[in-house]
Amino acid sequence: MSLAWQQTDDLPVQTAATIGSGPHRLSADVVVVGSGAGGAVMAYELAREGRSVIVLEAGPFVPSSRFTERYPQMMERLYQDRGGQRNEDGDLLVLQGSCVGGSTVVNAAAAFRTPEYVLRDWREKFGLSDMTSEALDPWFTQVEQRLSVHVNAPHEINQNNQVIMRGCDKLGVSWRPLARNIKNCALTGFCLAGCASDRKQSMLVTYLPWAMHHGAQVIADTRVERIRHKNGKATGVVATTIDPKTGRKVADVEVEAKLVVVAAGAVQSPLLLTRSGLTGQSGQVGRNFACHPSVGILADFDEEIFGWRGATLGAYCDEWDHPDRGGFILEFAMAGADFMAAFSPGIADKHLEFMGRLKNVAGMISLIHDENAGVITTNDRGEKAIRYRVTQKDRETIRTVIKRSAEIYFAAGANKVFVPTYAPTVIEDVKDIDRIVDALDLGPGTIGMTSYHPQGTCRMGANPQNSVVGPDGQFHGVERLYVADASLFPTSIMVNPQMTVYALSSKIAHGINEQGSELFGN
Amino acid sequence: MSADSTPPQPLPNHLRATRRAVIAGGAAATATLSLPACTSGSKGDSAKLPHIGDDLAVVEQIVDTLLAIDEGSPFVPIEKTDTMANIDRLFATLPDHVRSDLSKGLTLFNLAAIVLGWYFRPFTALDRADRIAYARRWETGNKTQQGLLFALKQIVYVSYWREEITWGPIQYDGPVTRRLGIARQGLTPLPETTVEGAAK
Ligand SMILES: Cc1cc2nc3c(=O)[nH]c(=O)nc-3n(C[C@H](O)[C@H](O)[C@H](O)COP(=O)(O)OP(=O)(O)OC[C@H]3O[C@@H](n4cnc5c(N)ncnc54)[C@H](O)[C@@H]3O)c2cc1C
């Protein structure tokens, strides 16, 4: 059966401009909070089984015809807090999408399954006995097929990657082409600003339209303020529709539902639960925040690289991809000048020299298997607070990351390597790496880090005393309330998380569908 | 007086920028990545830059210092861009308390030049070479100084390089999809398969 719509512009998404002043009292079998990786999959899987589904999305509806490939503009339109979400110390930029399709609209499309050593931890420490690679295989396979996940072909690996792979080869360090959820990649390099030609298989062009085909209603610009619950059962949500242009309230929206699914992402989900008085028996809501704090290491080469041209992500280094071998991966990526300018080392002549040679600069980022050391809470002004400081152990992993990256760069022929410390650190000779990097402080407020992967704040587990939701995704102690997003992860997973979110959400949806009439009474 | 030979010194306590000012700078910095498109004129006119307001003199000098584009350089002069207007629009988006903390940070940055390095003049009264030397002291100074300078760099650099006119000298291509006529693929058809084991 084909869809009734061709383009994202055609999708009948309600927005602040169309919803009318309300108040709107709606009812459905299921209300889903958030339209990103977890929410979109859930909406489709339940709608396909004939459930009436309403998806409420706090961010705007931005069809891909309005993706301008200008990073500053798109960060304002598509990202949480206009791309300015930070931890309390200010040294960690926490990037999340906030738009119809959530972070999947702005992600870089790397597609990994959950590593087996992570699943083993989840089984052994959190009683998630059915989280084996084999048991999850059908969920991964299904979503991989649907989202055209494939290992990058040679033409999808750009010059930035080729240069770094050359360094890896010289050192005998292992690298692999990445798998990505992309169909006919146009090699424009603008994944992080939204794919203007719909090649990236984000939720905006896949699961959300499919859910709408089966009758799901998607309402954008609408932030869920509270979850309603009574006698240990969730009964619906209370939301506000805000005009994104003026910031003014347009309407109150209430949805009465037999099931509430929270999929607002790992920062917002715990805040919503806490606002709703749902702090759980374990006291773990909002705790155990992890985020793969990433440092971007850049290097200057004689040759012209034009790293922003071609697919955003091509290959990665898997040499240290297990905690016993380091616990990090390196992904090879650059972006456009209006993004990279923010990461420029030095000032004045040093800055201009760097920008003048940007076409000769290669880039890679690290993802580490970080400890669940953070808390999402509110400060004394009542605002969201991300309290996350890299632990001593993780700081040492970051030190190793810097050393290994620099070695790879010099093996590839780099002239110098730039470390993103606030006080500029430039390494000009391979012999200096250990001396310079060992001397770096790397404590809070010394190095600029970015998280693309917040997770872990509503951890899943069998024991209500140390986890927030059960193995079936249901909130411990509250019936008809489910969580289906990256906040479920009991520990950090080191690799890019979207596929794990899709698989978990598919599995949870399956469990809900299995209960069928028991839950929905029809 | 030049400060080049004097090693970096910590700021006196009463002049030390507060941690909140630094965080305010950080918030402002990342918000810089997300300014609305702007069309208005650029520099020097406080009526046109109402959100920079009283900080105009120090912000102008910071922009000049951090970019330091000389006449005849291949880079596009600041006044030919909307850098100042972009910063103004950024400041307009900041919550009041963040804007106020940032203003305190800017004031401290300006006045600390009097004692730091013994310039005996505020930052705005220094010549460009001294301003650059002073900014470098912050860049490598204590954590608070480094944090604020890092934030200022982000504000200035993104506000300048977001301007299309600046891309030519560095051969940055900018947006490509429309220029190259790449077709939109549109919505992905409904999936036909349900994998065994994932079926109901
Ligand atoms: C720049 C970037 C690059 C990335 N690259 C990759 C990659 O290459 N590979 C990979 O695997 N992963 C990547 N990720 C991460 C991946 O996209 C996320 O892990 C995944 O999308 C998380 O899914 P989620 O459902 O938890 O949240 P999201 O997809 O973030 O969706 C949450 C949605 O909920 C909405 N929301 C929040 N609060 C409310 C509320 N109160 N009411 C209503 N709606 C609300 C938000 O606006 C948002 O749209 C990247 C992320 C970013 C930001």
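Because the model is predicted, local features need pLDDT of at least 70 and side-chain atom pairs count only at pLDDT 80 or more, while totals for chains, interfaces and linings use all residues. Residues are numbered from 1 along each chain as its sequence is written, chains are lettered from A and ligands numbered from 1 in the order in which they are written, and side-chain values use heavy atoms, with hydrogens and water left out.

We can start with the interface. Here 87 residues of chain A are in contact (heavy atoms within 4.5 Å) with 66 residues of chain B. The size of an interface is often given as the accessible area lost when the parts come together. For chain A and chain B this buried area (the accessible area, with a 1.4 Å probe, that two parts lose on being put together, summed over both) is about 6500 Å², and carbon and sulfur atoms give 56% of it. A:Ile347, A:Leu352 and A:Tyr422 supply 11% of the area that chain A buries against chain B, more than any other three residues.

Side chains of opposite charge can pair when their charged atoms come close. Between chain A and chain B the count is 6 salt bridges (a side-chain nitrogen of Lys or Arg within 4 Å of a carboxyl oxygen of Asp or Glu). A:Asp9 and B:Arg184 meet in a salt bridge, with 2.6 Å from N to O. The elements of chain A that give two or more residues to the side touching chain B include α1 (37–48), α4 (133–146) and α12 (498–515); helices (H or I, at least four residues) and strands (E, at least two) are DSSP runs, numbered from the N terminus. The residues on this side of chain A divide into 33 nonpolar, 31 polar and 23 charged.

A:Ala423 lies in the loop between β17 (416–419) and β18 (425–427) of chain A. Leaving aside neighbours within four places in sequence, A:Ala423 is in contact with B:Glu139, B:Thr140 and B:Gln146.

A backbone N or O atom of A:Gly38 lies 2.9 Å from an oxygen atom of the ligand, and a polar backbone atom of A:Ala58 is 3.0 Å from a ligand nitrogen atom. The protein covers 97% of the 1000 Å² of accessible area (Shrake-Rupley method, 1.4 Å probe) that the ligand has on its own.

Some local features complete the picture. A:Arg25 in strand β1 (residues 24–33) and A:Glu254 in strand β10 (residues 249–262) of chain A, 229 residues apart, form a salt bridge with the closest N and O atoms 3.7 Å apart. A cis peptide bond, with omega about 0°, joins A:Gly22 and A:Pro23.

Key:
Ala, Val, Leu, Ile, Met, Phe, Trp, Tyr, Cys and Pro count as nonpolar, Asp, Glu, Lys and Arg as charged, and the others, Gly among them, as polar. A polar contact is a pair of N or O atoms within 3.5 Å; within protein, one must be able to donate a hydrogen and the other to accept it, and residues adjacent in sequence count only if both atoms are side-chain atoms.
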